[in-house]
Amino acid sequence: MYRMRQWIAAVEAELDRELALERLLGPDAVRSSAPKRTTRGGPARHTVAWAEARARAHDGAGRPLPVVTRELDAALGHALAGPLTALTDLPPSDTSARDGWAVAGPGPWRLRDGRVPAGGQPEPLGHGTAVALAAGARLPVGAGGVVRREHGEVVADDGMLFDRSGSPGVGGPGPGPGPGRDVRARGQECRAGETLLPAGTAVTPAVAGLAAAAGHDRLVVHRRPRVELLLLEDELPESGPPRDGRVRDALGPLLAPWLARHGADVIGRRRVADAVGALRDALRGSTADVLVTTGRTAAGPVDRLHAALAESGARLLVDSVAVRPGHPMLLAELPPSPDGRPRLLVGLPGDPPAAVAGAVTLAVPLLRRLGGHADPDPEAHRTTTASALPGHPHDTRLIPVRRGAHGIVPLPFDGPAMLRGLAVADGIAVVPPGGVPAGAHVEVLDVPGP
């Protein structure tokens, strides 16, 4: 009788798990006409095309995260939440574009004592006189132009300045520099109130410098999505050479900076025991906006992720993508956090090149959308192929490439578990089914650099 009760309890537990998986996959999965990948020991995976997967990742993110105000240096890597406008004319006054002398009227000019530094307040300049000044210095009232340092000659005995540039009047009286020569006119770059950059622009060091020049001390930006990286391959060594038949963990050092350079605020990286309960508890307890897992995505006997998602009440948005490498990747919507914030999970395969493929397919568009970054222009990322790029008969291929004089070329060492090709790549080519002939255009995704 005891064994019978054990058997009944086991059957009921299995039925509960199957019902949870059905809720995870959704009622439309059974009726879906999408291609299916069957995996021994697991249910069919409903595969979507690569472009469709990226669109679902973008749309699944919903609205960008709330706006925050940051000091200029702290705003780096964020996206502008609104247009960047100038608070002043740039430059705010007429300034010298070169080291030299400000001159008033035709030459030669009687040289006045002193030198106007950048940021100085010069006295007005009388007709027929000149004063030395630095590049970027404010032009004195009355000055009509600038004689460059290399073009001017000061005669010591009478303190007169001559223009030796070869313009009319060289060596004696003449017009000297034309009106406005080597002068940056007030408002030449922009006027106060003018829009400098649109919302969604990433704050780079150059953007921060422009904002400072335009009068800003702080910027209103979208909060960066908080990301936690869960490494499910808990048996891999994290130091020293590979040993005992186990390969060294490469995904921990690779993914955290990769995600950070694509807009994530990586708040943690931890290993999770290879058990459904441990993974379920990690999903429920995380405070991240986005969880990124590695490994255990292939349906089968060791598929812990699908079971943990089912027990957590998650909903799958993508469950396998028609792409090589990396087709077992997935995207799921987790139950919201206690404070109501939506949460998402990107499941990456455990093979390093496949994990990178999953990151660029699902994680990058998701993070960019949450961070409020403008959608990239696909045409701006298309380039010519210097040689043919082989394709898969049915799936998209993601191939590490390098840009050359005649276009992009594929790199060797791009097979399973190989990172050597990716380490020297400056892009990842998106090769449609069937391949791309030499001389054709293909989309190339960014590989984050230093």
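Colleague: Which residues lie nearest the centre of the largest pocket, and what makes a pocket differ from a cavity?

Modeller: Arg54, His262, Val364, Arg368 and Pro376 lie nearest the centre, among 28 lining residues. On a 1 Å grid over the protein atoms alone, a pocket is an open set of points with protein on both sides within 12 Å along at least five of seven lines, whereas a cavity is a set where a 1.4 Å probe fits but cannot get out; a lining residue has an atom within 4 Å of a point. Do keep in mind that this is a predicted model: local features need pLDDT of at least 70, side-chain atom pairs count only at pLDDT 80 or more, and totals for chains, interfaces and linings use all residues. Residues are numbered from 1 along each chain as its sequence is written, and side-chain values use heavy atoms, without hydrogens or water.

Colleague: What is the volume of the largest pocket, and which element gives the largest share of its lining?

Modeller: The volume is about 790 Å³, counted as the space filled by probe spheres set on grid points joined across faces, edges and corners. Helix H3 (50-60), helix H8 (352-370) and strand E27 (441-445) each give two or more residues to the lining, and H3 has the largest share with six. Helices here are DSSP runs of H or I with at least four residues, and strands are E runs of at least two, numbered from the N terminus.

Colleague: Why is helix H5 called largely enclosed?

Modeller: Seven of the 10 residues of H5 (251-260) are buried, so the rest of the structure largely encloses the helix. Buried means under 20% relative accessible area, exposed over 50%, and partly exposed in between (1.4 Å probe, protein chains only). Trp258 is one of the buried residues of H5, and Trp258 is also among those with the most contacts inside the largest nonpolar core, which has 44 residues. Such a core is a set of buried Ala, Val, Leu, Ile, Met, Phe, Trp, Tyr and Cys residues joined through side-chain atoms within 4.5 Å.

Colleague: What makes you say that the buried residues of H6 line one face?

Modeller: Val276, Leu279, Ala282 and Leu283 are the buried residues of H6 (276-285). Seen down the helix axis, they fall within an arc of 130°, so they line one face; the arc is taken over the directions from the axis to the C-beta atoms.

Colleague: How do you know whether Asp182 and Ser320 are buried or exposed?

Modeller: Asp182 has a relative accessible area of 14% and Ser320 one of 1%, so each is under the cut-off and counts as buried. Both have a positive phi without being glycine: about 55° for Asp182 and about 100° for Ser320.
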